[in-house]
Amino acid sequence: MSALLEVRALDVRYGGIVALRGIDLRVDEGEIVALLGANGAGKTTTLRAISGLLPIRSGEVVFDGSNLRKRSPDAIARLGIGHVPEGRRIFTRMTVRENLELGGFAIASQREAATRIDDALAIFPRLRERIEQRAGTLSGGEQQMLAIGRALIARPRLLLLDEPSLGLAPLVVKQIFEVLRDIHARGTTIVLVEQNARAALALADRGYVLRNGEIARDDTAAALAEDPAVVAAYLGGE
Amino acid sequence: MIYTYALVAIAACVAIERFHNRRAKTAIVLLLAAFLAIAPRFYGNDAVFSVLADAAVYVMLALGLNIVVGFAGLLDLGYAAFFAIGAYTYGMLASPQFGLHLPFWVLLFLAAALAALFGALLGAPTLRLHGDYLAIVTLGFGEIVPQIFQNLTKYTGGPNGIAALDVPTFFGHSFGASVMPYYYIALVGIAAALWISRNLRESRLGRAWMAIREDELAARHAGIDVLRSKLAAFAIGASFSGIGGVLFAAKLALVSPDLFGFQVSVLIVSMLVLGGMGNIVGVVVGSLLLTIVNSALLPQINSLVDATFHTTIDLSNLHFLIYGAILVGIMLFRPEGLLPNRERRAELHHAGEAAGDA
């Protein structure tokens with residue numbers, strides 16, 4: 001297997017405050033990798049640095065052979081990295097269709113964009129029912145589906161998901177994770193940031209545990225789920 | 001008389017907003033265009049058409065600013081600077097100032113290009129700023145540009161400005177003292193500005209602007225080049241006011257720094273707020289209403305008051321008070337403007353219509 005994404009010695013700072021220190025990550029093609037950790041450990045920061053939304057202080061981010069360090073967020077998106085941000089960030093005042101169309105912004109051909117929107121709607125039939133509805137009127141789960149659907153329009157090779165289960169009812173979370181499994185089965189590599197560590201480890205192949213901006217542990221998902229320290233810290237003592 | 005024209009235009013705009021049938025809309029637009037083109041032959045006088053020509057220039061300015069503020073969501077409080085750049089382009093290149101007498105028609109386009117260039121120059125370093133910070137920087141730019149024109153006395157005539165600008169000609173026929181040519185050129189200008197605005201709104205760039213206005217971060221995630229889209233908004237918006245500036249300067253045959261101060265920027269922002277930011281038709285209505293208030297209603301009330309009470313009050317000093325009152329009133333009673341665009345209406349009244357026009 002070859003590394004699709006490789007992060008080496010990544011340092012990110014907010015002003016003087018160190019957010020990430022010497023992060024090393026590797027994501028192989030076809031994997032699902034979970035990033036776990038407490039609030040403020042640096043999970044979201046890691047994703048944002050990969051997407052080019054935060055300046056990298058030192059270190060390298062290499063995606064499919066290209067160094068992302070000096071690239072703009074839109075260029076990185078065009079290279080094939082999709083990012084479903086924390087809190088979904090859908091365009092609430094636009095319709096579902098307009099949201100999906102914006103996901104295909106970089107696609108020149110109208111027909112191609114329409115096909116891809118159709119594909120996304122096949123994954124999320126609920127969105128098809130609400131296609132002309134304003135996105136802000138959707139339920140939380142539907143909004144999350146729209147956020148994922150919007151990212152899929154660009155057909156990313158790597159999908160970064162930031163807390164897709166946040167604020168959703170358990171049943172809806174289950175649906176979302178089933179969809180992620182489905183998306184992965186269609187050939188998309190996934191990096192998943194989750195508070196819901198149990199669900200994330202059940203889905204993922206491997207996981208990294210972040211603590212205070214550093215990688216505290218990395219292992220297979222199964223091993224992490226068995227580890228007493230991880231269980232105590234993130235899965236609620238059992 | 002002036003009110004007849006303004007009311008016809010505003011009524012037509014409201015009708016266009018109300019009708020949803022494409023053909024009906026087109027018919028109204030054509031009827032209005034025919035009326036505005038033909039009626040002056042039968043009805044009105046120079047004073048009326050002078051005000052209408054000014055109104056038309058302001059409509060163009062408002063449409064330009066609407067691209068920046070209404071479409072892309074970038075609050076620009078120094079828009080008058082680009083108006084000044086357009087006007088001074090004509091002032092310096094078609095007057096005895098340097099003995100240059102470039103043709104009016106060439107300068108129309110040159111001024112648009114120059115204004116766009118300065119729009120991009122101002123935009124490049126500042127568009128990383130957001131919201132209030134961008135507003136403050138543009139406010140500063142709006143103050144600096146007239147100051148520069150005022151202090152470069154050698155080139156711009158300083159505080160006195162440049163007078164005796166060339167009277168434009170059309171295939172050898174001088175415009176003379178008539179205001180009609182300016183009225184008609186401005187009408188064509190508005191038609192072009194409307195057409196460009198509409199097409200831009202529906203274009204890829206327009207969708208990028210809409211996304212940036214809604215959520216810049218999400219727009220980035222969607223692969224939109226935010227900085228370049230913003231720059232385009234600044235440059236295109238500025239180019240409209242460049243053309244407006246040439247028309248304004250040629251009609252007045254004069255440019256001076258005090259014509260392009262902060263009050264002009266505020267006036268145009270007020271037009272947008274009054275009419276409904278982002279909605280092209282709303283912006284036209286807003287700018288017509290405010291120009292009529294400024295150029296017709298206020299002077300008339302002024303002379304009425306003076307005649308009745310034998311006073312010599314100058315109501316034109318009260319412009320800011322009036323804009324202020326209008327802005328406060330709009331914010332209280334109809335924050336989305338008179339004819340809002342649908343996103344803004346949705347934002348400000350989302351509770352009620354939730355799944356409304358699905």
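Guide: Happy to. Chain A contains 10 helices and 10 strands, and please keep in mind that this is a predicted model.

Let us begin with β1 of chain A, which covers residues 3–14. Its antiparallel pairing with β2(A), residues 17–28, runs over eight bridges. If you want one pair to look at there, R13(A) stands opposite V18(A) in β2(A). The hairpin that β1(A) and β2(A) form has two residues between the strands. In that hairpin G15(A) adopts a positive phi, near 60 degrees.

β1(A) also pairs with β4(A), residues 58–63, again in the antiparallel sense, this time over five bridges. Here you can pick out L5(A), whose bridge partner in β4(A) is F63(A). So that you can read the side chains as you follow a strand: in a regular strand they alternate between the two faces of the sheet.

Now step back to chain A as a whole. Its C-alpha trace spans about 45 × 45 × 35 Å along the principal axes. The radius of gyration is 17 Å, which agrees with the value near 18 Å that a compact globule of 238 residues would have. Of those 238 residues, 47% count as buried. Take the contacts in chain A between residues at least 6 apart in sequence: 66% of them join residues at least 24 apart.

Along its principal axes, the C-alpha trace of chain B spans about 60 × 45 × 45 Å. Buried residues account for 48% of the 358 residues in chain B. For contacts in chain B between residues at least 6 apart in sequence, 78% link residues at least 24 apart.

Finally, here is where the two chains meet. On the chain B side, 20 residues are in contact with 24 residues of chain A. Three helices of chain B, α9 (204–214), α10 (216–221) and α15 (342–348), each supply at least two residues of the side that touches chain A. By class, that side of chain B holds 10 nonpolar, three polar and seven charged residues.

Technical notes. Residues are numbered from 1 along each chain as its sequence is written. Chains are lettered from A and ligands numbered from 1 in the order in which they are written. This is a predicted model: local features need pLDDT of at least 70, side-chain atom pairs count only at pLDDT 80 or more; totals for chains, interfaces and linings use all residues. Two residues are in contact if their C-beta atoms, placed from the backbone, lie within 7 Å. Helices (H or I, at least four residues) and strands (E, at least two) are DSSP runs, numbered from the N terminus. Ala, Val, Leu, Ile, Met, Phe, Trp, Tyr, Cys and Pro count as nonpolar, Asp, Glu, Lys and Arg as charged, and the others, Gly among them, as polar. A residue is buried if 20 or more other C-beta atoms lie within 10 Å of its own, exposed if 12 or fewer, and partly exposed in between; C-beta atoms are placed from the backbone. The radius of gyration is taken over C-alpha atoms; the globule rule is 2.2 Å times the number of residues to the power 0.38. Two strands pair if DSSP finds at least two bridges between them.
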